[in-house]
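Me: I have a structure on my screen and I am new to this. Could you help me learn to read it, one feature at a time?

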Amino acid sequence: MTVEAVLWDMDGTLLDSEKLWDIPLHEFVEKLGGTLSLATRQAMVGSSVPRTMSMLFAEVGVEHPSEEEVADGAAWIMRRTEEVFRAGLPWRPGAREALRAVRDSGVPMALVTSTERQLTEVALDTIGRDLFDATVCGDEVERRNKPLPDPYLRAARLLGVDPTRCVAIEDSPTGVASAVAAGCTVLVVPCDVPVEQGERRVFRESLVGVDLTTLAPLLQR
């Protein structure tokens, strides 16, 4: 089997941005009068905005926040995160070179992220829009974000490829679950949260040295 497309996650995979997300998330919980625990922070890695907001409010004992409270909180986090992103986004080891190497091979590529379009556009100033044939953001899948398969299925449709002949590159349990559910083979490069072994998952410590010749054999496993 040949690789028909390579589908890249963003936060924690291409960019070491989960640590930047820490800033507004911790600040928001502090605004609510609490402290964000490590367990809750790790549980929201790769999650959608609605799920993240639910966990943030639950952390301070608010189990049923109003729609207005959720919307205002999400907007505050979005503004604060954009400020942090614009101050500079660090790459994960080998990510910049791996992106260019796969792009130069001619295989179609898509960016598949739980981050909403507004912030993704900021990140693309660093990553490079020209590298991707399609991008799928968290607010473009009708509230069916990772770990559901919809983001990766949408990316495959946009590229006109079979998801079972795609390699997804992910770092988190949530993202890996999404890609596997869509039928992709996943190159897992864990960042801040461990990922369990499982079907169609191949693990690697970093993206250093990754190119199409590295990814092609993964579909044969």
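**Reading burial, salt bridges, strands and a pocket**

Reply: Happy to! Let us begin with Glu82, which has a relative accessibility of 17% and counts as buried. Keep in mind that this is a predicted model.

Me: Why does Glu82 count as buried?

Reply: The general idea is a cut-off: a residue is buried under 20% relative accessible area, exposed over 50%, and partly exposed in between. Glu82 is at 17%, so it counts as buried. Arg86, with a relative accessible area of 55%, is exposed.

Me: Which residue does the side chain of Arg86 meet in a salt bridge?

Reply: To read a salt bridge, look for a side-chain nitrogen of Lys or Arg within 4 Å of a carboxyl oxygen of Asp or Glu. Arg86 meets Glu82 in this way, with 3.0 Å from N to O. Both residues sit in helix 4, and because they are 4 residues apart, about one helical turn separates them.

Me: What does the salt bridge of Arg103 and Asp133 tie together?

Reply: Here the N to O distance is 3.1 Å. Arg103 belongs to helix 5 (residues 95-105), while Asp133 is in the loop between helix 6 (117-127) and strand 3 (134-136), so the pair ties together parts that are 30 residues apart in sequence. Arg103 is buried, at 18% relative accessibility, whereas Asp133 is partly exposed, at 46%.

Me: Which residue forms a salt bridge with Arg200?

Reply: That partner is Glu199, and the closest N and O atoms are 3.2 Å apart. Arg200 is partly exposed, with a relative accessible area of 31%, and Glu199 is exposed, at 52%. Salt bridges can also share partners: Arg117, Glu121, Asp125, Arg129 and Glu140 are joined into one network in that manner.

Me: How many salt bridges are there by this rule?

Reply: The count comes to 19.

Me: Which strand pairs with strand 5, and in what sense?

Reply: Strand 4 (residues 166-170) does, in the parallel sense, over 4 bridges. You can look at one of the contacts yourself: Ile169 has Leu187 of strand 5 as its bridge partner.

Me: Where does Ala58 lie?

Reply: Ala58 is in helix 3, and at 31% relative accessibility it counts as partly exposed. Ala58 and Val29 are 29 residues apart along the chain, and their C-alpha atoms are separated by 10.0 Å.

Me: What is the volume of the largest pocket?

Reply: It is about 690 Å³. There are 39 lining residues, and Ser47, Ser48, Val49, Pro50 and Thr52 are the closest to the centre of the pocket. Helix 1 (18-31), helix 3 (49-59) and helix 4 (67-86) are the elements that each give two or more residues to the lining. Helix 4 gives the most, with 6 residues.

Me: Which kinds of residue make up that lining, and which domains do they come from?

Reply: By kind, the lining divides into 16 nonpolar, 11 polar and 12 charged residues. By domain, at least three residues come from each of domain 1 (5-16 + 90-220) and domain 2 (18-87).

Definitions and conventions: Residues numbered from 1 in each chain as written. Predicted model: local features only at pLDDT ≥ 70, side-chain atom pairs only at ≥ 80, totals over all residues. Heavy atoms only, no water. 1 Å grid on protein atoms, 1.4 Å probe; cavity = no way out; pocket = protein on both sides within 12 Å on 5 of 7 lines; lining within 4 Å. Points joined across faces, edges and corners; volume = space filled by probe spheres on them. Nonpolar A, V, L, I, M, F, W, Y, C, P; charged D, E, K, R; others polar. Domains from an automatic or database assignment. Buried < 20%, exposed > 50% of the residue type's maximum accessible area, 1.4 Å probe, protein only. Pairing = 2+ DSSP bridges.
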